Amino acid sequence: MGTEVPVPADTSALSAIRAAGVLLMPSCENGVCGTCECGFLEGQPIHRDAVLSKDARSHRFIPCVSRAKGVLRLDL
């Protein structure tokens with residue numbers, strides 16, 4: 001099942017994930033480098049990055065800048 005990590009409106013998904021103890025190594029934290037890229041298994045992401053292709057957006061997520069509508073299940 002995994003760990004549920006709430007992401008407050010004023011916090012990035014990346015910050016919440018790191019606070020929960022998951023090690024992701026971001027570089028820019030602006031959505032342009034792709035180093036924090038991870039997969040998602042279900043949910044509806046709101047992509048705000050400048051990295052992912054249209055194809056990749058169907059299964060990849062950039063947690064430093066992107067958000068989600070409701071629950072997003074990540075593949076970390």
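I looked up burial first: 29% of the 76 residues in the chain are buried, where buried means under 20% relative accessible area, exposed over 50% and partly exposed in between, with a 1.4 Å probe and protein chains only. I note that this is a predicted model, in which local features need pLDDT of at least 70 and side-chain atom pairs count only at pLDDT 80 or more, while totals for chains, interfaces and linings use all residues. Residues are numbered from 1 along each chain as its sequence is written, and side-chain values use heavy atoms, with hydrogens and water left out.

**Overall form**

I then listed the secondary structure and found 1 helix and 3 strands, taking helices (H or I, at least four residues) and strands (E, at least two) as DSSP runs numbered from the N terminus. The order from the N terminus is α-β-β-β. The radius of gyration is 11 Å, close to the 11 Å from the globule rule for 76 residues, so the chain is as compact as a globular protein of that length. That radius is taken over C-alpha atoms, and the rule is 2.2 Å times the number of residues to the power 0.38. Along the principal axes, the C-alpha atoms fill a box of roughly 30 × 25 × 20 Å.

I checked contacts (heavy atoms within 4.5 Å). Of those with a separation of 6 or more, 47% join residues 24 or more positions apart.

**Sheet**

I traced an open sheet of 3 strands in the order β2-β1-β3, with antiparallel pairing. The edge strands, each pairing on one side only, are β2 (60-61) and β3 (67-75). Two strands count as paired if DSSP finds at least two bridges between them. I recorded 2 bridges for the antiparallel pair β1 and β2; cysteine 38 has phenylalanine 61 of β2 as its bridge partner. For β1 and β3, also antiparallel, I recorded 6 bridges; here isoleucine 46 is bridged to arginine 67 of β3. As background, strands of a sheet pair through backbone hydrogen bonds, either parallel or antiparallel.

**Glutamate 29**

I examined the loop between α1 (13-19) and β1 (38-46), where glutamate 29 is placed. Its phi is near 60 degrees, a positive value in a residue other than glycine.
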